[in-house]
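Please examine the chain shown below, and keep it in view while reading. The paragraphs that follow lead through its helices, its strands and the contacts between them.

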Amino acid sequence: MIPLSEPTYLILLALIKEPTHGYGIIKTISEVSEGQYEIAPGTLYGVLKNIEKQKLIEVVGVDLDNRKKKIYAITDAGKEALSDEQRRYEKLLSFTYKLSGEG
């Protein structure tokens, strides 16, 4: 498995509970991280295109009341990739704690 980029990981994580549009993804990441992680719209839409091609997310609708914004949802493949990445992070943290004498 190829590790996910930080923006890809954050986007998939933002979509884990419910589908939303691009601005909703940006807002969720910013709010949950208390402003520590910000994804610029230019970065977001490039990553969305890429991970849609990889079938990690899919367009599930269009918000016609809101300038025809696409609504994105995480796919089963996206959930699996997110889970794999979370396990990788946990192993990395475990390794870090062992080496630093904290674990």
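Helices H1 and H2 are roughly perpendicular to each other, a term used for angles of 65 to 115 degrees, while angles under 35 degrees count as roughly parallel, over 145 as roughly antiparallel and the rest as oblique. The axes of H1 and helix H2 (residues 22–32) cross at roughly 100° and come within 9 Å. Such axes are lines fitted to C-alpha atoms, for helices over the stretch in contact, with angles running from 0 to 180 degrees between N-to-C directions. On the side of H1, Leu10, Ile11 and Ala14 make the contact, and on the side of H2, Ile25, Thr28 and Ile29 do so; contact here means heavy atoms within 4.5 Å. These residues divide into five nonpolar, one polar and no charged. In this scheme Ala, Val, Leu, Ile, Met, Phe, Trp, Tyr, Cys and Pro count as nonpolar, Asp, Glu, Lys and Arg as charged, and the others, Gly among them, as polar.

The model is predicted: local features need pLDDT of at least 70, side-chain atom pairs count only at pLDDT 80 or more, and totals for chains, interfaces and linings use all residues. Residues are numbered from 1 along each chain as its sequence is written, and side-chain values use heavy atoms, with hydrogens and water left out.

The chain as a whole has four helices and two strands, arranged along the sequence in the pattern α-α-α-β-β-α. Helices (H or I, at least four residues) and strands (E, at least two) are DSSP runs, numbered from the N terminus. The C-alpha trace spans about 55 × 30 × 20 Å along its principal axes.

Helix H1 also meets helix H3 (residues 41–53), with axes that come within 10 Å and cross at roughly 80°. H1 is therefore roughly perpendicular to H3. Pro7, Thr8, Ile11 and Leu12 of H1 touch Thr43, Leu44, Val47, Leu48 and Ile51 of H3. This contact of H1 with H3 has seven nonpolar, two polar and no charged residues.

A further partner is helix H4 (residues 76–100), whose axis comes within 10 Å of that of H1 (residues 6–14), the two crossing at roughly 120°. H1 is therefore oblique to H4. The contact is formed by Tyr9, Leu12 and Leu13 of H1 together with Gly78, Leu82, Glu85, Gln86 and Tyr89 of H4. Its classes are five nonpolar, two polar and one charged.

How many aromatic pairs does the structure hold? There is one aromatic pair. The ring centres of Tyr9 and Tyr89 are 4.9 Å apart and the planes stand at 75°, so the pair is edge-to-face. Rings of Phe, Tyr and Trp (its six-membered ring) pair if their centres lie within 6.5 Å, and planes under 30 degrees apart count as stacked, over 60 as edge-to-face and the rest as tilted. The pair links distant parts of the chain, as Tyr9 in H1 and Tyr89 in H4 are 80 residues apart.

The strands remain to be described. Strand E1 (residues 57–63) pairs with strand E2 (residues 69–74) in the antiparallel sense over six bridges; pairing requires that DSSP finds at least two bridges between two strands. Lys69 in E2 is the bridge partner of Asp63. The hairpin of E1 and E2 has five residues between the strands, and Arg67 takes a positive phi near 55° there.
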